[in-house]
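Visitor: I have a chain open here and would like to go through it piece by piece. Can we start with what the words mean?

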Amino acid sequence: MLQDVPSASDPAVRQMRHLRSELDADAGSVMIAQQLAQAYIDYGRQIGDAHYAGYAEAVLAPWLLRASPPAAVSVEYATILQYRHQFAESRRELKRALDADPHTRRRG
């Protein structure tokens, strides 16, 4: 089976590459990691490729390993879990985000 390679001219692909290079330059930036994870999730949904949920999870992994990940990371991870139909785990992750920051909003 042949795999389609995303076009480098696709604005979403350019954005992901830009965010990836920013994260490579500042590996400790949770904001950039969260933005990149969100971009991977959105792109994976757009093209129907579940691999991108895995890429998003890998980006978030350093923060997910913490006892108390940032709320934004928990929300993105909950989205990944929903994508995988792990709904109970997703609810737990969203609760963890709300417990950490009651002002956390679910992204649309």
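Guide: A residue is called buried when its relative accessible area is under 20%, exposed when it is over 50%, and partly exposed in between. Keep in mind that this is a predicted model.

Visitor: Fine. With that cut-off, which residues of H4 are buried?

Guide: In H4 the buried residues are Ala-71, Val-73, Ser-74, Val-75, Glu-76, Tyr-77, Ala-78, Thr-79, Ile-80 and Leu-81. That is 10 of the 13 residues, and H4 is mostly covered.

Visitor: What do the buried residues of H4 pack against?

Guide: They pack against H2, H3 and H5.

Visitor: Back up a bit. How many helices and strands does the chain have?

Guide: The chain has five helices and zero strands. Along the sequence the pattern reads α-α-α-α-α.

Visitor: And how much of the chain is buried?

Guide: Of its 108 residues, 36% count as buried. As for contacts with a separation of 6 or more, 50% of them join residues 24 or more positions apart.

Visitor: Back to H4. What span should it have, and what does it have?

Guide: At 1.5 Å a residue, the 13 residues of H4 should span 18 Å, and the end C-alpha atoms are 18 Å apart, so the two agree.

Visitor: At what angle do H3 and H4 cross?

Guide: The axes of H3, residues 51–64, and H4, residues 71–83, cross at roughly 145° and come within 10 Å. The crossing is left-handed.

Visitor: Which residues make the contact?

Guide: On H3 they are Ala-53, Ala-56, Glu-57, Leu-60, Trp-63 and Leu-64, and on H4 they are Val-73, Glu-76, Tyr-77, Ile-80 and Tyr-83.

Visitor: Staying on H3, what about Gly-54: buried, partly exposed or exposed?

Guide: Gly-54 lies in H3. Its relative accessibility is 29%, so it counts as partly exposed. Gly-54 and Gly-44 are 10 residues apart in sequence, with their C-alpha atoms 9.6 Å apart in space.

Visitor: And Tyr-55, how accessible is that one?

Guide: Tyr-55 is also a residue of H3. Its relative accessible area is 37%, so Tyr-55 is partly exposed. From Tyr-55 to Tyr-40 is 15 residues in sequence and 6.7 Å in space, C-alpha to C-alpha.

Visitor: Now the loop between H4 and H5. What is the phi of His-85?

Guide: His-85 lies in that loop. Its phi is near 65°, a positive value in a residue other than glycine.

Visitor: Is His-85 buried or exposed?

Guide: At 58% relative accessibility, His-85 counts as exposed.

Visitor: Then H5. Which of its residues are buried?

Guide: In H5, residues Ser-90, Glu-93 and Ala-97 are buried. Seen down the axis of H5, these buried residues fall within an arc of 60°, so they line one face of the helix.

Visitor: What covers the buried residues of H5, and what sits on the face turned away?

Guide: The cover includes H3 and H4. The face turned away from the buried side carries the exposed residues Arg-91, Arg-92, Lys-95 and Asp-99.

Visitor: What span should H5 have?

Guide: H5 runs over residues 87–100, and its 14 residues should span 20 Å at 1.5 Å a residue; the end C-alpha atoms are 20 Å apart, which agrees.

Visitor: Last one, H1. How far does it reach?

Guide: H1, residues 11–25, has 15 residues and reaches 21 Å from its first C-alpha to its last, close to the 21 Å expected at 1.5 Å a residue.

Visitor: Which residues of H1 are buried, and where do they point?

Guide: The buried residues of H1 are Val-13, Met-16, Leu-19 and Leu-23. Down the axis of H1 they fall within an arc of 125°, so they line one face of the helix. These buried residues pack against H2, residues 30–47, and H3.

Visitor: And the face of H1 turned away from the buried side?

Guide: That face carries the exposed residues Pro-11, Arg-17 and Ala-25.

Definitions and conventions. Residues numbered from 1 in each chain as written. Predicted model: local features only at pLDDT ≥ 70, side-chain atom pairs only at ≥ 80, totals over all residues. Heavy atoms only, no water. Axes fitted to C-alpha atoms, helices over the stretch in contact; angles between N-to-C directions. Helix = DSSP H or I, 4+ residues; strand = E, 2+ residues; numbered from the N terminus. Left-handed = near helix turned anticlockwise from the far one by under 90°. Contact = heavy atoms within 4.5 Å. Expected span 1.5 Å × (residues − 1). Buried < 20%, exposed > 50% of the residue type's maximum accessible area, 1.4 Å probe, protein only. Arc of directions from axis to C-beta.
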